[in-house]
Amino acid sequence: MSGLSTTLPQVKAALTRNVVLRVERHSPLAGQPMVQAGLPVQPATPVLTAPASVAQPLTLAVARELGIAPNEVGRHLVRPLGAAVAQGEPVAVARRGLRSIQVTAPTAGTLEAIDEETGTLTLLPTVEQVQYPALVAGIVLSAEPRRVVLRTSGDVLSGCVLLGAETSGRLLVLVDRPDRELSPELVTPDVQGAIVVAGMTVGPATVQRLREAGARGVIVGSLTAETLRDAFAVPLSGQSVGWGGQSQQRLRHAFRQAPLSILVTEGFGRLALAAPLFQRLQQANTELVALLDAESVPDIGRPSCIIVREGPGASTEIPRYTFAPGLIVRRTDPRGLGAVGVCAGEPTRQIPQAGSTVGWSVPVSFAPGDTVMLPIENLEIVAPEDKAAR
């Protein structure tokens, strides 16, 4: 393939072994890092705490409620400005004849300010604080109010989309083949706290059973619109199901609060989990894994399953590859989504049509006698080092 390697694009593989990774734990709002650079962390170690939402100030009409002049509010406060109050706790009191009148806090918060012209008191509600665990074992590289960066190492399986929250746990393989559908009766109490490998797909009954049994996450080849609709009660249009683009962003947003996290590796429908990925997951049975969003693994740039392995010997960079004979690839275009094959020859230049640019195609063998010439932009390298696994 002399003369082509410098012009052919280099791409990352879906399965990458023994690499060093940056894992970033993010908060949308500024918070407080709970670790320092250089410290080791475990998956359950809290690394960042931040408010779950922006507090919206509440205005209490103290003067009107107590029947006092607006400029007298300060003299009737029970607690000073800056003090924290509980829900239902009196914040201002006045006597009216023989009885006492009070204004209570509608929610827990902090007394912020008095407006003597309107006779009002501003209460800033207390918002729930969210703790972000490391999810991986590693070393802290940097810690900031909105981002803590960790260094870890291990194997990476890149997926299509992650539905639900990022999570981690021990891996538990419940099927014996990548084209099996996990049925409800195969879900045992052992799944509590685990990330389950469910093969090709799961139906609504299985999702419900996994949730009831306390599983943290599921890895599947694909999901049907029926499962997404019935298991999570999220309405879907025909345009919401596909590979990549806006549809996955909409799904990710809709399922962000899902009680069960699902990493989809191939796409939507009934597509088997790619055999090389399934075989690696089988090898990692009972090991620690983390399911992370694309933004949390910037070195990969895709939602991924990280099989965490701390220790020496890992590569320091994410390798890139060019399409070459013998590499296992899978289709990412709608017409053949998820089909796994082997590169059967060298890439060749596509003849550009009017208004198009020069591209590359490669012959791919999906079965004996079934070889198709496909554009490389419709293919993904699955596992370059496992050329015999299909």
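Strand 2 and strand 4 (residues 46-51) run antiparallel and are joined by two bridges. Within this pairing, glutamine 32 has threonine 49 of strand 4 as its bridge partner. The two strands belong to an open, antiparallel sheet of three strands, ordered 2-4-11. Strand 2 (32-33) and strand 11 (129-133) are the edge strands of this sheet, each pairing on one side only. The model described here is predicted.

A further open sheet is built from four strands in the order 5-10-9-6, again with antiparallel pairing. Its edges are strand 5 (58-60) and strand 6 (84-85); each has a single partner strand, so one side of each is left without a neighbour in the sheet. Strand 9 (residues 109-115) and strand 10 (residues 120-125) are antiparallel and connected by six bridges. Among the residues paired in this way is leucine 111, whose bridge partner in strand 10 is leucine 123. In general, the strands of a sheet pair through backbone hydrogen bonds, in either a parallel or an antiparallel manner.

The helical part of the description begins with helix 2 (residues 204-213), in which Thr206, Val207, Leu210 and Ala213 are buried. Viewed down the axis of helix 2, the buried residues fall within an arc of 130 degrees, so they line one face of the helix. After helix 2 comes glycine 214, which has a positive phi, near 90 degrees.

Leaving aside residues up to four places away in sequence, Leu210 touches Leu182, Val187, Val191, Val196, Ala215, Val218 and Leu260. The largest nonpolar core comprises 48 residues, and Leu210 is one of those with the most contacts inside it, together with Leu182, Val191, Ile219 and Leu223. Another core, of 24 residues, lies apart from that one and includes Leu21, Val35, Leu48 and Val148.

The average pLDDT of the protein is 87, and 86% of the residues score at least 70. Among the elements, strand 17 (residues 194-197) has the highest mean pLDDT (97), whereas helix 4 (residues 246-254) has the lowest (59). The pLDDT is below 50 over residues 1-6, a stretch with eight contacts in the model beyond near neighbours in sequence. Residues 238-243 also stay under 50, and the model gives them 20 contacts beyond four places in sequence.

Terms used: Residues are numbered from 1 along each chain as its sequence is written. This is a predicted model: local features need pLDDT of at least 70, side-chain atom pairs count only at pLDDT 80 or more; totals for chains, interfaces and linings use all residues. Side-chain values use heavy atoms; hydrogens and water are left out. pLDDT is the predictor's confidence in each residue, from 0 to 100. Contact means heavy atoms within 4.5 Å. A nonpolar core is a set of buried Ala, Val, Leu, Ile, Met, Phe, Trp, Tyr and Cys residues joined through side-chain atoms within 4.5 Å. Buried means under 20% relative accessible area, exposed over 50%, partly exposed in between (1.4 Å probe, protein chains only). Two strands pair if DSSP finds at least two bridges between them. The arc is that of the directions from the helix axis to the C-beta atoms.
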